[in-house]
Amino acid sequence: MKHIETMIRIYAPCEKVWKILTDFESYPSWNPFIRFISGELKEGQKLQIRISPPNEKEMSFSPVLIRSIPGRELRWSGKLLFKGLFDGEHYFGLEEIDENTTLFVHGEYFSGLLVGLMPSVLEQTKVGFEQMNQALKKTCEA
């Protein structure tokens, strides 16, 4: 199993960060990593997601939303082709530092047969997370 986790301090209230994070329709205008999301913010619902990791091919997948706690956490689980090949559990966490400051935590747990064979994809994924975090910060603080 591999784990990537990134964090960034955003000088905006959790509510504002959550609103921007869950406004999937606006992703193409600010998000360099997750270019598209559609689906309902209801646990058990399937999402349609397209990501664009730096220096890698764009990828589309259909994970299942496994947790949605408004203002706190969003988490989905997906797989490549079939379970056990290349699986991921992606998450966003929002922690209130004070009323105008949010710690944004962005990560993913990877497991499956192909994980060890794809180190460059995982490295570029981390770069993509960091780029998204910076873009979210800029959007929230504007």
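**View 1. Gln124 and its contacts.** Setting aside neighbours within four places in sequence, Gln124 is in contact with Pro53, Pro54, Asn55 and Glu56 (contact means heavy atoms within 4.5 Å). This is a predicted model, in which local features need pLDDT of at least 70 and side-chain atom pairs count only at pLDDT 80 or more, while totals for chains, interfaces and linings use all residues. Residues are numbered from 1 along each chain as its sequence is written, and side-chain values use heavy atoms, leaving out hydrogens and water. Gln124 sits in helix 3. Helices (H or I, at least four residues) and strands (E, at least two) are DSSP runs, numbered from the N terminus. Gln124 counts as buried because its relative accessibility is 17%. Buried means under 20% relative accessible area, exposed means over 50%, and partly exposed lies in between (1.4 Å probe, protein chains only).

**View 2. Asn55 in its loop.** Asn55 lies in the loop between strand 3 (48–51) and strand 4 (59–61). With 72% relative accessibility, Asn55 counts as exposed. Its phi is near 60°, a positive value in a residue other than glycine. Most residues other than glycine have a negative phi. Asn55 is one of the residues in contact with Gln124.

**View 3. Helix 1 against helix 3.** Helix 1 (residues 14–21) and helix 3 (residues 119–141) pack at an angle of about 120°, their axes 10 Å apart. Helix 1 is therefore oblique to helix 3. Axes are lines fitted to C-alpha atoms, for helices over the stretch in contact, and angles run from 0 to 180 degrees between N-to-C directions. Angles under 35 degrees count as roughly parallel, over 145 as roughly antiparallel, 65 to 115 as roughly perpendicular and the rest as oblique. From helix 1, Lys16, Val17, Ile20 and Leu21 meet Met132, Leu136, Thr139 and Cys140 of helix 3. The residues of this contact divide into six nonpolar, one polar and one charged. Ala, Val, Leu, Ile, Met, Phe, Trp, Tyr, Cys and Pro count as nonpolar, Asp, Glu, Lys and Arg as charged, and the others, Gly among them, as polar.

**View 4. Aromatic pairs.** Rings of Phe, Tyr and Trp (its six-membered ring) pair if their centres lie within 6.5 Å; planes under 30 degrees apart count as stacked, over 60 as edge-to-face and the rest as tilted. By this rule the count is seven aromatic pairs. Tyr27 and Trp30 are edge-to-face, because their ring centres are 5.2 Å apart and their planes stand at 65°. These two residues are three apart in helix 2 (residues 27–30), so about one helical turn separates them. Tyr27 is buried at 0% relative accessibility. Trp30 is also buried, with a relative accessible area of 11%. Phe33 and Phe129 are edge-to-face too, because their centres are 5.4 Å apart and their planes at 80°. This pair links distant parts of the chain, 96 residues apart: Phe33 is in the loop between helix 2 and strand 2 (34–38), and Phe129 is in helix 3. Phe33 is buried at 1% relative accessibility. Phe129 is buried at 0%. Phe24, Tyr27 and Trp30 form one aromatic cluster.

**View 5. Glu95 in strand 7.** Glu95 lies in strand 7 (residues 87–98). Glu95 is partly exposed, its relative accessible area being 40%. Not counting residues up to four places away in sequence, Glu95 touches Cys14, Arg72, Thr101, Thr102, Leu103 and Val105. Glu95 and Val105 are ten residues apart in sequence and 8.0 Å apart in space, C-alpha to C-alpha.
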